[in-house]
Every structure is written in C-alpha cells, then in structure tokens.
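Subject: Structure handover

Dear colleague,

I am passing on the structure below, followed by notes on what was found in it. Please read the notes alongside the coordinates.

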Amino acid sequence: MMNLSNCYSLYLIVLGSLLPNLSLLSGADPTDGFTEIPLTEANFLLHRPYDIPLEERYSYESGVHKMWVYADDKPLALVQGLDYCSGVWQFEGNAFVPNGTSGATIVQIHRAAHGNTTMLLRIYNGEMRYYVYELVDATNLYDKWFRVNLIHNVDGGMVTVFINGVQKFETHDHGPGDLHFKCGVYGAPSDISYYMESRWKDIKIYKK
C-alpha cells in the first residue's frame, strides 16, 4: 500500500453558507496550485455489506466505478487505509446519479474531532445537500455526469465544494482528526429510496 505522506487515503464505498470566490468563478480551475497525488489500485479500498459478495454491489467497466445498495442492506464491511491529518487536501471525481436515487450520500470526508464525519454530500430528488440541511446545488443532477471537487483546509478549518468547476458551498469543518475521502453510495438514516446508485470516474487526490 502506498504511503505518500504521514497520513492520507482514498476510499471507494459500495455503499455553511454560499461564499463565492470571484477568481474561481471567473474561470480558474479549483485544482490550480495543487499537486496531484499518484493513485494506484491499492488506494481504492472497497466497502460492501458484510453478507453480500462484492460483485453484487459493485462493477468496474471502461473506467467507471458503479456502486449500488438497497435500503435494507446490512452494514458495510470496514477496511483500513491511509489518512490525512493536516494541510490542504482536495478530492476530485466525476459522478453520475440515476433518476430515482434519493437520500444517498455520494461523497464524504470521514471522521472529525466532533462527530463521525467532516462533510457529507447527499442527493435528494436530484438536488445536492450538505447532510440534510443547506442546499449545495439546486440543479437537477440526475442522469448526467458532473464534476465534484472538495477542498479541505484542515489547518484553516474550512471545506469548500465545487460542482463543475464552480464554487457552490463553503463551511467550517468539525475539527481535525485522522481523515479520509469516500465516494460511492451510502443510504441516509431516513427519507431514502429503496434502490440507490452512483457511478464515479476520473478520481484524483491533490495536495497543496
């Protein structure tokens, strides 16, 4: 397994307020100034319900990771990976959520000083929300590929969300910890569809 820093990782799961930055809205890419961290297959650690074979909840074809779960699935099996704990880190990936999937977490920053997660982005009826609270993107995101960038400034205590290269949301984090990014599909505690699916491709990690 790669050990590229003191602590960082990427997991692939089977499973604030709007603060615009004019320089980013004017056409700059959110990855500008960051260095891409090389990823290998060892960095893609798969979770699944513990009683179901992986191939019944995950497929990989033509560069696309497809993950799906059902509302009555058992809890996920856990795996161990590399974490980040300081500095400025960024997750990037292109996501696809089919119409009908609702109440599903598709990307998150796991762990925090206060609570189990620093950031959850969920799809409800085609809209993206921060947990169940603030609206991140009111665009109908169903049945189309969209680019997600999460920037976590651990030392500054801030998380910024970009959708298709446009800053949509920024919020304080929940304190430092041994943190890692996750993407995939994971049902929310309530108000979820029975079948939930997301697809991901072009997944990258950056560090500043």
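Is Tyr-131 buried or exposed? Tyr-131 is buried, with a relative accessible area of 13%, where buried means under 20% relative accessible area, exposed over 50% and partly exposed in between, computed with a 1.4 Å probe and protein chains only. By that criterion Tyr-133 is exposed, at 53%.

Please keep in mind that this is a predicted model, in which local features need pLDDT of at least 70 and side-chain atom pairs count only at pLDDT 80 or more, while totals for chains, interfaces and linings use all residues. Residues are numbered from 1 along each chain as its sequence is written, and side-chain values use heavy atoms, with hydrogens and water left out.

On confidence, the average pLDDT (the predictor's confidence in each residue, from 0 to 100) is 85, and 84% of the residues score at least 70.

As to the overall make-up, the protein has one helix and 15 strands, taken as DSSP runs numbered from the N terminus (helices H or I, at least four residues; strands E, at least two). Of its 208 residues, 53% are buried.

Leaving aside neighbours within four places in sequence, Phe-146 is in contact (heavy atoms within 4.5 Å) with residues including Gly-93, Val-97, Ile-106, Met-128 and Ile-163.

The whole structure holds ten aromatic pairs, counted when the ring centres of Phe, Tyr and Trp (its six-membered ring) lie within 6.5 Å, with planes under 30 degrees apart called stacked, over 60 edge-to-face and the rest tilted. The pair of Tyr-131 and Tyr-133 is tilted, at 6.4 Å centre to centre and 40° between the planes, whereas ring pairs link Tyr-84, Trp-89, Phe-91, Phe-181 and Trp-200 into a cluster.

Finally, two lysines sit over tryptophan rings (NZ of Lys or CZ of Arg within 6 Å of the ring centre and within 35 degrees of the ring normal): Lys-66 over Trp-68, 5.5 Å from its centre, and Lys-201 over Trp-145, at 4.3 Å.
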